[in-house]
Amino acid sequence: MASSSRREITIIGGGIIGCSTAYYLTRHPSYSPETHRITLLEAASTSTGGRTKASLQDPATLADPATASRRNPAHDGIAGGASGKAGGLLALWAFPQNIVPLSFRLHDELAREHGGAQRWGYRRCWASQVDCKARLPPGLNSGTINTTTTSSTDGELKSGASKGLHKDHKKDPAALRKLGAPEDLDWVDATESLGAYENIGTPQNTAQVHPKLFTRSMVQLAEDAGVRIVTGARVTAINQNADGSSIESVTYEKDGKEATLPTTDCVVAAGPWTRRLIPEIPISASRAHSVVIKTPRPLSAYALFTAIRLPAGFRTPVAKMAPHGAVAATPLRGQQIVEPEIYARPDGTAYACGPTDDTAPLPLTTADVEVDEARCEDIVAQVGGISDELGRDGEVLARQACYLPQGGPYIGQVGSTKGLIVAAGHTCWGIQNAPGTGKLVSEIIFDGKAKSARLGGCDPANVL
């Protein structure tokens, strides 16, 4: 189909992949608002799903209100899932490498063109791996811990535990230097917690964004260029012609009524919900919990991949397969390693996330995601065990959960059905790879093939 002919393009999914696709379609040289109608359908009509009621709902309130991407009530539901609750890490060392360089470069170009530093918190940062041991909360010491195991490190652990969280605790720059850690990483306890430091990424190859503000900006820029945004529109069917050779329409439900939208090109960017519309694409879902903590001062720009050794007596983490909400916190009887990730943000907060779990099935939409608060409290306790800024002196602003798509990414035409395109399954690198994915999809639609990067292992033909 010639790019100059009339096209009815429907994008399913209001996460970062769908919103980036909408944006890059309108930036393609062949795009014309007179001949190309683009509609983005998002199933949810609220972005409050997957957060506790007491959580901060609009992150723009923490940034400069004159420049941050503001909330558009008509877009409620956009970025309601992982795109609004992710860490927002960008890296040239991410995967898959066939699209990462393109997308990393596009992130930088977008920030320069649209003021991303102010609108969505774009900045270059460091990424590091740290090995730590958690300090016990006040009131717990070796005399109150009933352990059944001992080790050669117990004496060291008990010494730190007996001190608890010290009101006059100060970071020791000399200790950071001794470990090879930079002096500005002064928000991790170098005296009692930090055991090893290893650099992974530098500001030359690592950056970050606030994912919700980034997604919000992309969808607004797309709408400004002519894309129609419809939230609360849950797609129930992608309709093909009689012989299955092409797409004819998309059927969706909104406000209890069914509607059908004529469609020549359908982009399924529904993240972990993709398989409900295209069963042959092997994308699964895992739930992940996270918290947002307001810190007493701005933290230096680091993304930390941690390995934290919890001592006996520390809060026992909820097991991966434990039923939702079924486990109360009990003291550990031995030691345990946990690996939360921590991202300091330029808005005066830090984001921290824990492991995924498979105990709650994927709900109907992002609005129905449930938060297991015990898993959030695990994260709060663990990061607070290595940092006063994240623990004693911090304030938890949000406890949240989302579902990550696993198994991809897949980008390209699905089988022999003309006009059926998938862009989903981006795992934990969805924010990083969204601009590149959007640009590639725009080329597939308007040029007939991906031009800016090779699809390689992302091509759905590999699994069909």
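**Figure 1. Overview of the protein chain.** The secondary structure of the protein chain comprises 9 helices and 21 strands, where helices (H or I, at least four residues) and strands (E, at least two) are DSSP runs numbered from the N terminus. The model is predicted: local features need pLDDT of at least 70, side-chain atom pairs count only at pLDDT 80 or more, and totals for chains, interfaces and linings use all residues. Residues are numbered from 1 along each chain as its sequence is written, and side-chain values use heavy atoms, with hydrogens and water left out. Of the 464 residues in the protein chain, 57% are buried; buried means under 20% relative accessible area, exposed over 50%, and partly exposed in between (1.4 Å probe, protein chains only). Among contacts (heavy atoms within 4.5 Å) between residues at least 6 apart in sequence, 78% join residues at least 24 apart.

**Figure 2. The open sheet of β4, β8 and β5.** This sheet of 3 strands has the order β4-β8-β5 and antiparallel pairing; two strands pair if DSSP finds at least two bridges between them. Strands β4 (89-91) and β5 (123-124) are the edge strands, each pairing on one side only. Strand β8 (residues 206-208) runs antiparallel to β5 and is joined to β5 by 2 bridges. Within β8, Ala 207 stands opposite Arg 124.

**Figure 3. Helix α3 with the sheet and with helix α1.** Helix α3 (residues 100-114) lies across β4, β5 and β8 and runs at about 120° to β4. Axes are lines fitted to C-alpha atoms, for helices over the stretch in contact, and angles run from 0 to 180 degrees between N-to-C directions. Helix α1 (residues 16-27) packs with α3 at an angle of about 70°, the axes being 14 Å apart. Helix α1 is therefore roughly perpendicular to α3, a class that covers 65 to 115 degrees, whereas angles under 35 count as roughly parallel, over 145 as roughly antiparallel and the rest as oblique. In α1, Tyr 23, Tyr 24 and Arg 27 meet Leu 106, Leu 110, Glu 113 and His 114 of α3.

**Figure 4. Aromatic residues around Trp 93****.** The whole structure holds 7 aromatic pairs. Rings of Phe, Tyr and Trp (its six-membered ring) pair if their centres lie within 6.5 Å; planes under 30 degrees apart count as stacked, over 60 as edge-to-face and the rest as tilted. Trp 93 and Phe 305 form an edge-to-face pair, with 6.4 Å centre to centre and 65° between the planes. Trp 93 belongs to the loop between β4 and α3 and Phe 305 to strand β15 (residues 302-310), so that this pair links parts of the chain 212 residues apart. Trp 93 counts as partly exposed because its relative accessibility is 28%, and Phe 305 is also partly exposed, at 22%. Ring pairs link Trp 93, Phe 95, Phe 305 and Trp 429 into a cluster.

**Figure 5. Surroundings of Thr 10****.** Thr 10 is found in strand β1 (residues 7-12). Thr 10 counts as buried because its relative accessibility is 1%. Leaving aside residues up to four places away in sequence, Thr 10 touches residues including Thr 39, Leu 41, Val 250, Leu 261 and Pro 262.

Figure 6. Strands β10 (residues 234-240) and β11 (residues 247-254) run antiparallel and are joined by 6 bridges. Ile 238 stands opposite Val 250 in β11. Their hairpin has 6 residues between the strands, and Gly 244 takes a positive phi near 70°. Strand β12 (residues 257-262) pairs with β11 in the antiparallel sense over 6 bridges. Lys 257 in β12 is the bridge partner of Lys 254. The hairpin of β11 and β12 has 2 residues between the strands, and Asp 255 in the turn has a positive phi of about 55°.
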